[in-house]
Amino acid sequence: KSQISIRALSIKPSLTLEISAKAKALKAEGKNICSLSAGEPDFDTPEFIVDATLKALKDGKTRYGPAAGDPELREAIAQKQSDINKVPTKTDNVLVTNGGKQAIYNLFQVVLNPGDEVLIPTPYWLSYPEITLLAGAKPIKIKSSTKDKFKIDINSLEEHVTEKTRLLIINSPSNPTGCVLTEQEMKTISDFLRRHPRILLMSDEIYEFLISPNQVHHSFAKIAPDLKNRIFTVNGFAKAWAMTGWRIGYLTGNAEVIKKAIALQSQSTSNVCSFAQKGAIAALQGSKDCVHEMANIYNKRRLLITERLKKIKHISFVPPNGAFYVFPEINLEEIDSISFCKLALEKVGLAIVPGIAFGDDKCIRISYAASNKMIEDGVNRLERLLNDF
Ligand code: PLP
């Protein structure tokens, strides 16, 4: 008889982490593999952040801290949200978490009841449905495709609302599509929320700084200040400051929910690593030049990959405006995304992620958080593979 709980039985391991691991294993065997599968910056964490952390370690910042987060970091986050995002935020609206992922986990655990429904615009970041299920709630996928430029269809949102609908997820810039919501689109979604007072919104803004120069990132809570009690923002240091392994993110929102999320965290993971938080403080207080430099490099890579992909047959895609992914559709009959990605790995040694992981079995996710040389190499391999069809 299985020892696994009913709750755990439904959990799927993260397919992106799995593909990256498989590509690494093949490389270790000596195979010539090009991986455009990772969901993380290929840069090192900026040195001043590392230095501040080393100093904190030397200064003995090695003990337990408050579950809510280092007070100085909570303050710095509140200030960043207020100054940069134009969302007035106080310290008690902030919870420091072990990555943006735990911010989402904690939020869902404290606002969702069993049977509640969560509206998830599709394609989605792959952890949303899993974290929803872990809270006993039901993911309701709202489809969109390359044909409609991955726009969120408000009519479709309306059609899927029931008395159990509790939460809507927004992720702009998006993983996996790279799409960025316009101010007008956010206003339309705000009106939707005004029509449905029971529905809360989670705005995942972890890619806010990684955006094309011709785009503007708007914090959802800024667009609809009258809804501030119902809007929860997820963010973190992983993508903008190349700090994936540090595991620092944050949740902001109304103080009542944040307080409960702090209580949950105090009974699960306690505080985020004390000295790592000192590094995050340095990141927020320091110059943003490093972030802009990395964002500029992603912008150049984005142009490179979109220009190259345009010339490849059997694919169509929406040019991304943010994050570091492209999500092309494979225009071939009778091949699902897992088979295609397996073929890519076996035939041309290219590691990419099947779209099914993000709710779209026609697509593949290509990450351009890689050097120009690797992007060129990867696209050449994809081209070779598709030329054979
Ligand atoms: N949200 C999105 C859309 C992501 O792509 C990721 C990471 O891939 C996260 C949240 C979580 O980031 P982390 O937990 O590393 O801060």
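Two strands pair if DSSP finds at least two bridges between them, and strands here are DSSP runs of at least two residues (E), just as helices are runs of at least four (H or I), numbered from the N terminus. What you're looking at is a predicted model, where local features need pLDDT of at least 70, side-chain atom pairs count only at pLDDT 80 or more, and totals for chains, interfaces and linings use all residues. Residues are numbered from 1 along each chain as its sequence is written.

**View 1. Strand E7 and its covered residues.** Six of the six residues in E7 (residues 231-236) are buried, meaning 20 or more other C-beta atoms, placed from the backbone, lie within 10 Å of a residue's own. Ile 231, Thr 233 and Asn 235 point one way, while Phe 232, Val 234 and Gly 236 point the other way.

**View 2. The partners of E7.** Strand E6 (residues 200-204) pairs with E7 in the parallel sense over four bridges, and Leu 201 stands opposite Ile 231. With strand E8 (residues 249-252), E7 pairs in the antiparallel sense, again over four bridges. Look for Val 234 here: its bridge partner in E8 is Leu 251.

**View 3. E8 meets E2.** Strand E2 (residues 94-97) runs antiparallel to E8, joined to it by four bridges. Thr 97 has Gly 249 as its bridge partner in E8. Gly 249 and Leu 251 point one way from E8, Tyr 250 and Thr 252 the other way, and all are buried.

**View 4. Around the ligand.** Of the 13 residues here, Gly 99, Gly 100, Lys 101, Asn 175 and Gly 236 come nearest. Helix H5 (residues 99-111) gives the most to this shell, with three residues.

How values were computed: Buried ≥ 20, exposed ≤ 12 C-beta atoms within 10 Å, placed from the backbone. Near = placed C-beta within 6 Å.
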